[in-house]
Amino acid sequence: MTYLTSVAGAIADGGSTTHDSPSLTVSGTNKVMWVLVGDSDSSPAAPTGVVWDPAGSAQALTLQGSAIAFATYANASLWRLIAPADATGVARATWAAAKGERCIIVWVETDIDQATPNGTVATGTNSAGTTAVSTSAVTTTAGQRVLNFGHSLRVGTFSSAPFGSPSGTERQDVVTTGTGYDAVAAQEQTASGSSVTPTWTLTQAPDGWAAFAFALNVAGAAASSLSPYKSRVPRLATLMHF
């Protein structure tokens with residue numbers, strides 16, 4: 001599998017029912033797109049839907065597991081699209097009601113198994129101001145790549161992108177423009193054994209955070225988180241709106 005691209009962005013702008021990622025170009029074979037969506041508000045909620053290239057193919061993504069509500073005012077959710085259409089476009093999240101702060105990260109990989117693109121999604125959350133960010137352990141085999149996404153809220157605001165000391169290669173780390181209430185980040189790392197627990201250390205104490213992590217399954221291998229893994233090239237995109 002191969003990292004193709006990623007984008008990220010965040011904004012605090014008084015509220016909207018939609019949020020678009022920065023533009024990105026998707027192409028290649030056996031593609032899969034993952035999207036982290038975060039928001040914070042007095043009534044946080046997962047989006048009602050996420051769509052790739054709303055001006056073109058308008059393909060709907062599928063929510064992976066359950067959204068995570070944390071720190072009273074924040075919500076994070078992970079979405080996936082198998083075989084996104086080749087295009088230059090955006091990923092758009094839509095909410096039932098306007099959200100004050102909105103964030104999105106888009107990550108695209110090629111050469112991914114189209115039946116079972118990833119293993120079980122591990123999650124983690126904390127609402128007690130802990131700076132150590134992690135999920136439960138991700139089951140892997142040596143050489144298998146693991147993706148990790150994080151969303152953090154600080155009501156006192158982040159002064160800069162806060163996701164420090166990544167355990168792997170960080171691709172995105174952004175804080176909302178305007179007032180820096182929220183930050184989102186994404187990283188990848190390669191497992192050396194039967195499990196891995198991706199981590200970050202936040203540079204400022206948060207009000208809370210949520211994280212998702214999973215192993216990638218390469219096209220042509222047995223589709224499971226235990227299958228032999230071969231390095232490929234991904235694409236990642238992140239955008240935040242507040």
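Asn30 is partly exposed because its relative accessibility is 34%, where partly exposed covers the range between buried (under 20% relative accessible area) and exposed (over 50%), with a 1.4 Å probe and protein chains only. The model is predicted, so local features need pLDDT of at least 70 and side-chain atom pairs count only at pLDDT 80 or more, while totals for chains, interfaces and linings use all residues. Residues are numbered from 1 along each chain as its sequence is written, and side-chain values use heavy atoms, with hydrogens and water left out.

Asn30 sits in the loop between strand 2 (24-26) and strand 3 (32-40); strands are DSSP runs of E with at least two residues, numbered from the N terminus. Leaving aside residues up to four places away in sequence, Asn30 touches Glu109, Thr110, Asp111, Ile112, Gln114 and Ala219, a contact being heavy atoms within 4.5 Å.

Lys31 belongs to the loop between strand 2 and strand 3. Lys31 is buried, at 9% relative accessible area. Its side chain takes part in the polar contacts below (pairs of N or O atoms within 3.5 Å; within protein, one must be able to donate a hydrogen and the other to accept it, and residues adjacent in sequence count only if both atoms are side-chain atoms).

| Lys31 side chain to | Distance |
|---|---|
| Pro84 backbone oxygen | 3.3 Å |
| Asp86 side chain | 2.9 Å |

Elsewhere, an open sheet has 3 strands in the order 12-19-15, with antiparallel pairing; two strands pair if DSSP finds at least two bridges between them.

Definitions and conventions
Helices (H or I, at least four residues) and strands (E, at least two) are DSSP runs, numbered from the N terminus.
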